[in-house]
Amino acid sequence: MKTRGKGTILATVAGIVALGLLAGRCAPSAPKGAKKGAAVSDTAAAAMKVYVAPGDLDEYYLFASGGHSGQMYVYGLPSGRHISTIPVFTPYPATGYGFDDDSKKMLGDLTWGDAHHPGLSETNGDYDGRWLFINDMNGRIARIDLRDFKTKQILGPVPNVSGNHASSFVTPNTEYAVMGSRFSIPIPKGTAVEVGKYATDYKGVLTGIKIDPNTGEMSIGWQIVMPPFDYDLGDAGKLVSNGWVFFTSYNTERAIGKLEVTASQRDRDYIAAVDWKMAEQLAAKGEGTVIGGVKVIDPAKNPGLVYFMPCGKSPHGVDVSPDGKYVIGSGKLQGVTTAFNWEKVQTAMRNKDFTGDEDGIPVLKYESIKDAEVPVGLGPLHTQFGPDGYAYTSLFVDSAIAKWKLGTWEVVDKVPMSYSIGHLSAAEGDTVSPDGKWLVGLNKLSHGRHLSVGPSQPESSQLVDISEEKMKLALDFFTEPEPHYAQIVKADKIKPIEVYPKEENKHPLAVWDVKDAGLTRNGNKVTVKMVEVRSTITPTDFEVKEGDEVTLAITNIEQTTDELHGLGLLDYNINIVVDPGETKTVTFKAKKKGVYPYYCTNFCSALHQEMQGYMIVR
Ligand code: K7E
Ligand code: CUA
């Protein structure tokens, strides 16, 4: 990396400012103000491209998963600015998530999740801006509504699924989001079998989560029992390969113990190709054996349901090209990425061009189905696509991104990443119509490219300009740990609401007038209907008895955007945030006698500080 002196930086800034004045926010030409040579011009050009002036809006949303923070993070691109945090599997006091009755119930007994792969809902293979799905390793999947950027449903833990990593990839019309078990276990859960019987008694499970096309409501659609491999990632077929979903797997050795050694013996592992339309039909017919309360389909008894495609050692990502013709599998212990030709795969299926089977599931002949082994570089993980037939593959070992052409299989460019790239995400780069323009490398480490914050260094994401033949690194920005995968969607596809309209609030305990607020008692059950509006919480005090079960139902009757009110109740661990037009409840035991102040936690007006009251427990 070049180091730049202060003078150079000043010259660069002067260049940006001069150009900004001359050209407004147009795409940069050669920066006229920069005089200090090519490096400065490149920096200034990159800065111009990513700079979003105060008040201007980014062109894209970036939704990045937060790993075991259990959250989703929202960034703007190309600025890389962190706009918002969506709590999903973890309580988040800032929005009161995990404190009110509904979100507490959704989280259940778990106060953490390990979220890896966000999946935007699709219509005809393109993002439609409705929902965002996200997996949790604890066998769960969540749906975020992009109308209000809130988590609306958490399904699971789903029976039989252990370590839901190969998730949440959606089918082209959001018929299903999928789940795949990273850890095989004896099923149903709760069965204890010694690990020595791993190869025969432990099972992997693939699940199709059915999504209601109108409401987004998720339910279990079908479940398939699989050999005890570790199912890692997935992607749905599209266009010509629509109807199929692909899962990578490793440890096809069925090994135990030190997997880093024992699970890397074979030259090839598998990508499982699942005919999800057939799975749907079988499930509709009631096919399968009930295990853990779910009908589980055995592919050995249903030929045509699942095939194995051999793929280079320990594959991580599997990604289907925008036209659906190629399935790209990356063996992370190889120097090549493999392109399978879907037409050849189908021919091999028809001709029974098999080399054997795994627990009754046919293994297709590698030579018959692969089109190319593309020499992308060391440790290929994931592939994304551009609009022009180019593919972009992340290289973990090389710490780089390779750009290559589908069909000619020619590697045309490489750009280094700061350190250890995992996933990458291109603008709409896993849809039928990628945008190109931008690509984000999600790096596992950053190694000193930032102000130091101690031993744990932040993960760094890097924005790469892919609008031209040569890729150009444009920006370092710091995504909250740990962004495994992300989705980039054109901002104008998302249409969020400004407030919750009063007429849509059907909450039985909602009150819209301060005169309807107050306390009702039914035995030792007390309900307090509360109204919040600038700058009073009504009632301003109420009395209950020690041991009462108290439900506070708080309605924010504002219809002005961003007029949030909160309710913090001291000593009771209660922290509620209510958006304009929303009603939330919180139920608790009045265990402690005394006087407990409550107050609005969200700044709302000049008299926000006056928005307070008292709960008296006698
Ligand atoms: Cu490469 Cu979970 Cu997709 Cu991270 S993932 S390690
Ligand atoms: Cu309401 Cu502060």
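Modeller: Let us begin with a loop. Proline 539 lies in the loop between β34 (536-538) and β35 (541-544). A cis peptide bond joins threonine 538 and proline 539, with omega at about 0°. Please keep in mind that this is a predicted model.

Colleague: How should the confidence of the prediction be read?

Modeller: Where pLDDT is low, the predicted coordinates should not be read in detail. Here the mean pLDDT of the protein chain is 93, and 94% of its residues reach 70 or more. Over residues 1-35, however, the pLDDT is below 50. Beyond near neighbours in sequence, that stretch has 35 contacts in the model.

Colleague: Let us turn to the strands. In which sense, parallel or antiparallel, do β37 and β40 pair?

Modeller: In a regular strand the side chains alternate between the two faces of the sheet. As for the pairing, β37 (residues 565-569) and β40 (residues 594-599) are antiparallel, with 2 bridges. Leucine 569 has tyrosine 598, in β40, as its bridge partner. β40 also pairs in the antiparallel sense with β41 (residues 612-617), over 6 bridges. There, valine 595 stands opposite isoleucine 616 of β41.

Colleague: How is empty space inside a protein found?

Modeller: Rolling a probe the size of a water molecule over the atoms shows where empty space is left. This structure holds 1 cavity of 30 Å³ or more. The largest cavity contains about 240 Å³ of space. Its lining comprises 25 residues, and Phe169, Gly234, Asp235, Asp430 and Tyr485 lie nearest its centre. Two or more lining residues come from each of β4 (118-123), β11 (230-236), β17 (315-320) and β23 (380-385). By class, the lining of this cavity has 9 nonpolar, 11 polar and 5 charged residues.

Colleague: How much space lies in the largest pocket, and how many residues line it?

Modeller: The largest pocket holds about 1,600 Å³ of space, and 49 residues line it. Nearest its centre are Asp148, Phe149, Lys150, Tyr500 and Asp579.

Colleague: Which element gives the most to the lining of the largest pocket?

Modeller: It is β3, with 5 residues. At least two lining residues are supplied by each of β1 (60-65), β3 (82-87), α3 (101-107), β7 (150-155) and β39 (583-589). In the lining of the largest pocket, 21 residues are nonpolar, 11 polar and 17 charged.

Colleague: Finally, which residues surround ligand 1?

Modeller: The residues around ligand 1 are His116, His117, His165, Leu233, His316, His382, His423, Lys444 and His484. By class, this shell has 7 polar residues, 1 nonpolar and 1 charged.

Technical notes:
Residues are numbered from 1 along each chain as its sequence is written. Chains are lettered from A and ligands numbered from 1 in the order in which they are written. This is a predicted model: local features need pLDDT of at least 70, side-chain atom pairs count only at pLDDT 80 or more; totals for chains, interfaces and linings use all residues. Side-chain values use heavy atoms; hydrogens and water are left out. On a 1 Å grid over the protein atoms alone, a cavity is a set of points where a 1.4 Å probe fits but cannot get out, and a pocket is an open set with protein on both sides within 12 Å along at least five of seven lines; lining residues have an atom within 4 Å of a point. Grid points are joined across faces, edges and corners, and a volume is the space filled by probe spheres set on the points. Helices (H or I, at least four residues) and strands (E, at least two) are DSSP runs, numbered from the N terminus. Ala, Val, Leu, Ile, Met, Phe, Trp, Tyr, Cys and Pro count as nonpolar, Asp, Glu, Lys and Arg as charged, and the others, Gly among them, as polar. A residue is near a molecule or strand if one of its heavy atoms lies within 4 Å of it. Two strands pair if DSSP finds at least two bridges between them. pLDDT is the predictor's confidence in each residue, from 0 to 100. Contact means heavy atoms within 4.5 Å.
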